[in-house]
Amino acid sequence: MDKKNVKMIPIYVMGKKFEVPEELTILKALEFSGFTITRGCGCRGGVCGACATVYRRKGDYRVIPGLACQTVVEPEMSLVQLPYISSRRSSYVVSEVDPDSMDIVKTYPELMRCMGCNTCTKSCPVNIQVMNYISATIQGDLKQVVELSIECVMCGMCAARCPAELSPYNIALFVRRLYGAHKLPKSPELEKRVSDIANGVYNAEIAELKITDTKKLQGIFNEMQAKKGASV
Amino acid sequence: MAYPAGMRASIEKVEQRRKDRLNKYEFPRLSPEDKAALLKDYHPDFRDGDKVNLQFGVNKGERVPKVLGEVIESQSRLNLTSVDLSRPDHKTDVLVIGGGGGGVAAALTAHENGAKVILATKLRLGDSNTIMAEGGIAAASLPEDSPAAHYIDTMVGGRFKNIPDVVEALVNEAPSILEWLTSLGACFDRTKDGSYFNHMPAGHAFKRSHSIKDLTGLELMRVLGDEIRNKDIQVLEFSPAVELILDADGQCAGAILEDLDTGRNIVVEAGAVIMATGGMGRLHPNGFPTSNHYGATADGIVMASRARAKLLYMEYIQYHPTGVAWPEQMLGLLLSEALRAEGAHVVNCDGEPFVNRLETRDALSATILRECGPRRKGVETPTGTMGAWLDTPMIDLMGGKGTFMRRFAGIHHRFVKFGIDPTQEPLLVYPTQHYQNGGVAINIYGQSNVPFLYMAGEVAGGVHGHNRLGANSLVDIFVFGRRAGRHAAEHFRKTAATGLTLEHVKAHNEEIAALGISSQRKSPMLLPDYRFEKALTSTQYVSEIVEAE
Ligand SMILES: Cc1cc2nc3c(=O)[nH]c(=O)nc-3n(C[C@H](O)[C@H](O)[C@H](O)COP(=O)(O)OP(=O)(O)OC[C@H]3O[C@@H](n4cnc5c(N)ncnc54)[C@H](O)[C@@H]3O)c2cc1C
Ligand code: SF4
Ligand code: SF4
Ligand code: FES
């Protein structure tokens with residue numbers, strides 16, 4: 001980066017003022033300011049949820065949730081990184097839970113405490129409709145829960161702020177697993193392939209390939225590539 | 001934040017030329033000879049300067065990236081005088097080091113086979129490269145495909161350097177891995193009739209990559225991490241391993257961990273150790289950006305080689321051709337191969353195509369570097385970095401409106417935040433360090449040459465030869481995570497180990513001193529240092545290849 005062109009802006013980290021280049025993310029701005037981050041950082045790409053942060057813009061009363069690795073700094077913002085707050089999860093055997101019975105509510109009885117306040121949705125840094133997936137869970141609409149929660153990064157912000165003390169993300173993960181294990185159709189094609197392999201159907205062919213010289217392998221590869229056409 | 005004026009001008013050229021590329025236009029494929037020449041001239045793996053030979057130990061003479069050589073040949077970060085091996089903090093049958101996909105698969109499987117398991121990891125359970133995988137997981141699941149075809153593609157992709165027995169295990173077990181993950185509740189994408197949705201990443205001859213939106217790794221990691229909790233397997237988070245413990249016969253007998261919060265060392269004695277520490281992107285070979293997570297610092301390679309494990313193909317690094325080059329906040333992050341599979345062409349600053357979108361990763365990376373460097377057809381950003389265009393609007397034009405959103409909601413979501421709509425505007429890309437092709441050599445059970453020391457996942461070498469195909473890593477980590485877990489549970493040391501020692505570490509430190517390597521650096525690195533100016537990024541490689549011409 002050509003430092004001549006960089007505009008510096010002030011930010012406040014836990015009350016201390018730092019000057020940082022204006023286009024950095026909060027995460028890089030913290031590092032630029034000299035912080036060594038061990039707990040609040042994982043993927044650096046917006047999927048692991050380790051870097052949950054809350055900030056306030058100058059003069060604004062609202063506290064805004066964000067992922068530090070995905071949010072660009074703004075002049076005069078004040079911010080703090082959040083620890084990962086422990087929250088309850090139930091243990092279960094996925095194959096033994098009946099997704100169509102009361103098992104779901106029995107596994108997470110606190111579901112019934114949800115008061116529909118929408119705080120969870122407002123605190124989600126990746127804009128998931130958290131309250132809606134909790135309602136869908138209560139109504140037994142598992143498919144809807146999968147659709148609504150699939151982008152959850154497990155940052156824990158919803159659980160940290162829920163006044164009824166639910167941990168929505170653990171509940172969603174539980175429901176998605178039930179859906180995946182019980183509701184998605186079996187694939188006869190895949191089952192056949194697995195049993196064919198177990199029965200050694202491909203053994204001879206692969207044994208042959210293992211001793212085939214590289215030129216010939218390349219030749220077969222080229223043929224396969226030529227056949228596959230443009231449809232991808 | 002949207003594209004600045006300079007880049008907009010180039011986008012207009014891309015738009016003007018886009019219509020020439022509709023109607024099934026494809027840039028011609030490289031001949032094997034052209035490809036070889038291209039790689040030799042422009043691919044960082046083939047250019048000399050950045051490789052060194054290791055100077056001592058079992059891997060003496062092994063060519064490795066310079067940055068890796070430096071961390072291997074540093075003093076150990078472990079303070080040897082502070083460790084008391086006679087009173088271990090934990091004793092276990094199997095110790096798994098690393099909480100990514102390979103580690104959790106190994107831990108679950110070792111547990112399933114009756115072993116007492118401890119899993120120690122550097123960050124939070126699941127903070128890993130696995131969680132970042134977008135594209136999918138390979139398995140020959142369709143009737144027209146077969147494990148034999150998967151074998152051929154994997155060998156060709158690996159430049160025939162893969163270990164054949166290991167590849168055989170990979171392709172044969174891939175379909176059952178898909179069943180295993182589904183039985184645990186992973187919601188794989190399905191077609192209308194309910195069968196698995198498949199797509200075809202570059203280098204594969206059939207549709208055989210299975211995805212979960214563009215969040216495949218995230219969903220798999222969440223499910224497997226949750227299952228670790230269900231099974232009540234002991235997890236030590238923020239407790240990276242720093243050195244391996246050997247016994248009197250040079251067999252592996254455990255590891256020393258470092259508590260990241262307190263700095264205290266933790267001694268774990270184990271009947272077998274499964275190393276699943278992933279890759280090395282955060283060492284930034286050749287100064288490249290990386291797609292890897294924060295903890296990808298090659299610790300496993302460093303520890304294992306000190307414990308006398310043999311390395312294989314360590315010099316081969318995979319640069320993913322389509323790392324994000326703009327906006328700066330996303331530099332280095334990966335754009336899934338599936339974007340190209342679904343129709344996005346790769347074009348230069350004038351909107352001209354210069355490579356077929358389905359070339360292998362190494363060839364694509366080399367052409368993009370050539371375009372940005374000697375051909376001077378790269379797109380320059382205001383921060384002085386470079387890139388080529390990935391023409392994402394092609395995807396809806398070819399597949400029908402809505403295709404992009406259906407397949408790549410996550411990518412859309414991330415760019416829109418920065419004022420860029422990938423269904424309307426192309427994305428700027430530049431190669432990014434993505435994968436460590438080599439690693440510690442393994443056999444079909446994931447065993448290294450050191451007894452009781454296993455490898456699973458990206459830390460292992462041999463599965464992918466010199467170059468890994470897309471979607472083949474996720475399947476690798478689960479196949480060999482499970483294989484190592486099963487084998488370790490059956491064969492871990494049943495009698496008490498005698499003569500636990502860190503002599504090999506002491507000897508290593510002495511060699512370093514004797515060679516006069518005086519750097520202050522200690523390793524393993526654990527976390528990269530991005531403080532102050534180091535928080536900023538550059539693309540220095542382009543100017544290096546231009547200078548070399
Ligand atoms: C952005 C991205 C996209 C990808 N997309 C795909 C894809 O679509 N398909 C595909 O097949 N592959 C893909 N890959 C590659 C694939 O995801 C990885 O190669 C694979 O997941 C590696 O798994 P692993 O378990 O070996 O390592 P990781 O998942 O990286 O896990 C390693 C773990 O070890 C921990 N660790 C590191 N050092 C230590 C230490 N000293 N002590 C204790 N713990 C330690 C880390 O914190 C981490 O938890 C992608 C990779 C990236 C980065
Ligand atoms: S749903 Fe909860 S845990 Fe998931 S991303 Fe949103 S706030 Fe974080
Ligand atoms: S914050 Fe808690 S109580 Fe409020 S809607 Fe969400 S889950 Fe229900
Ligand atoms: S570091 Fe993973 S989401 Fe920010």
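Chain B of this predicted model contains 16 helices and 22 strands; helices (H or I, at least four residues) and strands (E, at least two) are DSSP runs, numbered from the N terminus. The radius of gyration of chain B is 23 Å, close to the 24 Å that the globule rule gives for 549 residues, so chain B is as compact as a globular protein of that length. The radius of gyration is taken over C-alpha atoms, and the globule rule is 2.2 Å times the number of residues to the power 0.38.

Residues are numbered from 1 along each chain as its sequence is written, while chains are lettered from A and ligands numbered from 1 in the order in which they are written. Local features need pLDDT of at least 70, side-chain atom pairs count only at pLDDT 80 or more, and totals for chains, interfaces and linings use all residues, with side-chain values using heavy atoms and leaving out hydrogens and water.

**Overall dimensions**

- The C-alpha trace of chain B spans about 75 × 60 × 45 Å along its principal axes.
- Chain A has 10 helices and five strands, and its C-alpha atoms fill a box of roughly 70 × 60 × 30 Å along the principal axes.

**The interface of chain A and chain B**

- In this interface, 76 residues of chain A are in contact with 87 residues of chain B, where contact means heavy atoms within 4.5 Å.
- The buried area is about 7,400 Å², and carbon and sulfur atoms give 61% of it; buried area is the accessible area (1.4 Å probe) that two parts lose on being put together, summed over both.
- Seven salt bridges cross the interface, a salt bridge being a side-chain nitrogen of Lys or Arg within 4 Å of a carboxyl oxygen of Asp or Glu.
- Side chains of opposite charge can pair when their charged atoms come close.
- Asp261(B) and Arg39(A) form a salt bridge through their side chains, at 2.6 Å from N to O.
- The elements of chain A that give two or more residues to the side touching chain B include helix H1 (26-32), helix H7 (168-183) and helix H10 (214-227).
- H10(A) provides the largest share of that side, seven residues.
- By class, the side of chain A that touches chain B has 38 nonpolar, 21 polar and 17 charged residues.
- Ala, Val, Leu, Ile, Met, Phe, Trp, Tyr, Cys and Pro count as nonpolar, Asp, Glu, Lys and Arg as charged, and the others, Gly among them, as polar.

**The surroundings of the ligands**

- Ligand 1 is surrounded by 40 residues, and the closest are Asp127(B), Thr130(B), Glu458(B), Ser473(B) and Leu474(B); a residue is near a molecule if one of its heavy atoms lies within 4 Å of it.
- An oxygen atom of ligand 1 lies 2.7 Å from a polar backbone atom of Asp127(B), and an oxygen atom of ligand 1 is 2.7 Å from a polar backbone atom of Leu474(B).
- A nitrogen atom of ligand 1 is 2.9 Å from an N or O atom in the side chain of Asp299(B).
- Ligand 2 has 13 residues around it, of which Cys124(A), Cys152(A), Cys155(A), Gly156(A) and Cys158(A) are the closest.
- Helix H4 (130-139) and helix H6 (157-161) of chain A each supply at least two residues of the shell around ligand 2, and that shell has 12 nonpolar, one polar and no charged residues.
- The residues surrounding ligand 3 include Cys114(A), Cys117(A), Cys120(A) and Cys162(A), and its shell has nine nonpolar, three polar and no charged residues.

**Local features**

- Over all chains, the whole structure holds 48 salt bridges.
- Arg18(B) and Asp391(B) meet in a salt bridge of 2.8 Å, N to O; this pair links helix H1 (residues 5-18) and strand S17 (residues 386-391) of chain B, with the two residues 373 residues apart.
- Asn265(B) belongs to strand S12 (residues 265-275) of chain B, and its side chain makes a polar contact of 3.5 Å with that of Ser82(B).
- The peptide bond from Trp326(B) to Pro327(B) is cis, with omega near 0°, and Pro327(B) lies in the loop between strand S14 (317-324) and helix H9 (338-341) of chain B.
- Met154(A), in the loop between H5 and H6 of chain A, has a positive phi near 60° although this residue is not glycine.

How values were computed
A polar contact is a pair of N or O atoms within 3.5 Å; within protein, one must be able to donate a hydrogen and the other to accept it, and residues adjacent in sequence count only if both atoms are side-chain atoms.
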